Amino acid sequence: MRSSANSKRYLYIGSALLAIVAVFFIIGLIWTPYGINSTDSASKFIAPCAEHLFGTDNLGRDVFSRCLAAARYTLLVSFAGVAVALVIGTITGLLAGYYGGIIDKVIMVLSNSIMCFPGILLALVAVAIFGPSLYNVIWALGLVFAPTFARVYRSSTIELLGRDYILSAKVMKVNPVRIMFVHILPNLMPQILPAVIIGLANMTLFESGMSYLGLGVQPPAASYGKMLADAQSYMVTAPWLIFFPTLMLVCYILGLYFVSEWVRTSVNGGSK
Amino acid sequence: MRYKGNILEVNDLCLSLSNADGAPVKILNNLKFNVRSGEILGLIGDSGSGKTMTALAVSGLLSDFAHVDSGEIIFEGEDLVKKTPKERRLLLGEKIGVIFQDPSSALDPLQTVESNLSEIISIRDGDKSKGHERILNMLKTVGFDDPKQIAKRYPHRLSGGQRQRVLIAGAALMNPSLLIADEPTSSLDTVTSMSIMQLLHEMCQEMGISILFISHNLNTVRNFCDRVMVMKEGTIIDADTSWDIMGQPKSAFTAELLMKSKLDPHALGITRGEARENAASVLTAKSICAGYKYAGFTNDKMNHVVNNVDFDILEGECVGLIGSSGCGKTTLVKSILGLIKPSSGIIEMNGRIAAVFQDPVSSLNPAHTVRWHLAEALRASGRKMTREEQKPYFLKILEDVGLEGKHLNRFPHQMSGGQRQKAAIAMCLVQEPAVIIADEPFSALDASSQASVIKLLSDINANRGTTMLIVSHNLLVIKAMCSKVLVMDKGRIVESGNTDEVLENPKAEATHALLKAGKYAV
């Protein structure tokens, strides 16, 4: 009883936080009060006021407009990156778990090698080689995150292989690809859903980190990481430059964590 | 000193569970019974009748979703319902011991048997230093010949029966006044379950422990319990000494349960599947060897579980395969089904083969409806039908297996164990196989479902002429259904032939052992 009430609370708080980001995302798609890169040397470092809700930065750009626009890229990178990781992770994880043997060993050695590098370093190397662009960031992050999904899929597949319904499908001589994707995959949702949500949160952190280092989303596009990088010299004199992008990131990531907590407790029947 | 009189009295206990919407569903309805000091009380009933809920309510292990609405549970003169959760936890183990159905999940896999048991001693005495001798003695008491070896082993190196013995040893170390055994033998084979029952009986007599023994099998409780209660829909409908309840059941339900558990072929209308005249063979195995590889230090080693097995099954025949657990039955079945590759030998098949497995919980894919399962079987058989043609065909198949049209769009979790097993059989029928191999298809079902699934398979054999290979450790099932029987022991077929001849005039030692165990605890 108590646990279900608690998990509902997670859902409400998480959804409220995500709703804020969603509103920013939708408004950012259709309208921003000022151009996101339009500079105005007359209005540098204006503190939050009625005209500039989140203030302005060192070039006189409106922080509110930039926060609206950055939501678009943050969501795009996190969702597209998770989609790439999910597709690669699903295929490799199912193959490794289903066939075992040499296929499993090769896939696991590869994914372990990726996982033993610090993820951000690997993504940075990939972007440094292929050039910093939005799509390269998505690919690089997708590759870095794929082993996490592959592992979840692999272990859950191995667990399901002994179930009678999978044995029965094998006896019926169902095609292995069909067994993997139609018989096994739908049963992995309880494990994969929380992993996807946590993946979205981690992906956002990685993207912000890369943008902060200048290798993520490239100007003229706005990104929270880039905004934080630009603002660090003015942290004391213009704290709002740090505060609002950080607030947006916290809303998004915390919201995802809360929702994932709810998913975990409700999908897995409350098991910890 | 043991408590004198009724050690446990349950008076007018009502218990409900909250369903997904939070609405209460009544599970136990004015339940009333008592356990006398030093007796074994059997509690039987179909699955879903509230047996396990009774055990959980008495032991204080109810989940958050269950609550006692009214009534009292008086244990050694004190009402447990009024006690706080902390007080009840203190009673658990010390005064009330519990053994569950699944021995594989009840021991810590990372600790040896001795550490598992010394944990119990340290909880009771706060000191595990003097435990070693006591553990070895207790392991000897529960029937291990070499307790020192067993104490050093990890749970995965024990068989199901050995694990259950270790759990019983654990419960006995606490020396409780009341031991609740919730279907402790239903996952074990006949020989092992008989020895577990004997062990519990001895413990009851020597240590004076009262036992509440829960089972869905009337035959199991018959020989070992002093009194038996029959439960239906959360109420006790019949209670008497086990002799009387078997001889003169008071309620119609008990009589029916008794009839079903005896598996009388005439009463159930079962005929033995005989081969037709001049029947061709549909399944032939020639010197099959099969087993499992395990990784050695330098190269993989092969552990042969099945050695040189030969048999021949004729069209329309119903053949039984029996043997104690671990003798290689399942490995043989898996190699016939193509699930593992035999290391040598030839399997010749004339037609499609379909399988029904043991566990009704995992026999159907939880992510899909019954309709999807039937469509998948149809697809696998290579026949093509439009969606419009499929529906009447599936409804007909469901009717044949004793399910209704409404089950077509149900998910597995919306059906009972027996219904799921019938849906799995429906999948077999859709494939129109020449042979159906059923690996212990009844052992996880309660007496009523068991009887109806046996009748169903027998009817399929009689009406459709489908050949059957039934793997079971229940000799009554084999006697009722099969015209031929294969007895397996240590990976070999040690005896085969006409069922009556083999079972009435056994030659192999393994057959003798199975028959002896079957007499007590089928």
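Here is a walk through a predicted model with two chains, A and B, starting with chain A.

Read from the N terminus, its elements simply go α-α-α-α-α-α-α-α-α-α. Along the principal axes, the C-alpha atoms of chain A fill a box of roughly 75 × 50 × 30 Å. Of its 272 residues, 44% count as buried. If you look at contacts in chain A with a separation of 6 or more, 72% of them come from residues 24 or more positions apart.

How confident is the predictor here? The mean pLDDT of chain A is 87, and 96% of its residues reach 70 or more. Among the elements of this chain, helix H7 (residues 176–184) has the highest mean pLDDT, 95, while helix H4 (residues 119–130) has the lowest, 83.

Helix H6 (residues 164–171) of chain A packs against H7(A) at an angle of about 145°, and their axes are 11 Å apart. The crossing of these two helices, H6(A) and H7(A), is right-handed. On the H6(A) side, the contact is made by A:Ile166, A:Ala169 and A:Lys170, and on the H7(A) side by A:Ile179, A:His183 and A:Ile184. Sorted by class, the contact of H6(A) with H7(A) has 4 nonpolar, 1 polar and 1 charged residues.

Now find A:Tyr98, which sits in helix H2 (residues 63–99) of chain A. Is A:Tyr98 buried or exposed? It has 21 other C-beta atoms within 10 Å, and the cut-off for buried is 20 or more, so A:Tyr98 counts as buried. Leaving aside neighbours within four places in sequence, A:Tyr98 is in contact with A:Thr157, A:Pro176 and A:Met180.

Over in chain B, you'll meet strands. One open sheet is built from 4 strands in the order E2-E1-E4-E5, with antiparallel pairing. Strand E2 (24–36) and strand E5 (78–79) of chain B each have a single partner strand, so they stand at the edges with one side lacking a neighbour in the sheet. Inside this sheet, strand E1 (residues 6–18) and strand E4 (residues 66–75) of chain B pair in the antiparallel sense over 8 bridges. To spot the pairing, look for B:Val10, which stands opposite B:Ile73 in E4(B).

Another open sheet in chain B has 6 strands, ordered E15-E16-E17-E13-E18-E19, and its pairing is mixed. Its edge strands are E15 and strand E19 (492–498), each pairing on one side only. From one strand to the next, the twist averages 20°. E15(B) pairs with strand E16 (residues 435–439) of chain B in the parallel sense over 4 bridges, and B:Ala354 has B:Ile436 in E16(B) as its bridge partner. Helix H12 (residues 329–337) of chain B lies across E13, E15, E16, E17 and E18, running at about 150° to E16(B).

Finally, the two chains meet. The contact takes 18 residues from chain B and 15 residues from chain A. On the chain B side, the elements giving two or more residues are strand E15 (353–356) and helix H13 (370–381). E15(B) provides the largest share, 3 residues. By class, the chain B side divides into 11 nonpolar, 5 polar and 2 charged residues.

Notes. Residues numbered from 1 in each chain as written. Chains lettered and ligands numbered in written order. Predicted model: local features only at pLDDT ≥ 70, side-chain atom pairs only at ≥ 80, totals over all residues. Contact = placed C-beta atoms within 7 Å. Nonpolar A, V, L, I, M, F, W, Y, C, P; charged D, E, K, R; others polar. Buried ≥ 20, exposed ≤ 12 C-beta atoms within 10 Å, placed from the backbone. Pairing = 2+ DSSP bridges. pLDDT = per-residue confidence, 0-100. Axes fitted to C-alpha atoms, helices over the stretch in contact; angles between N-to-C directions. Left-handed = near helix turned anticlockwise from the far one by under 90°.
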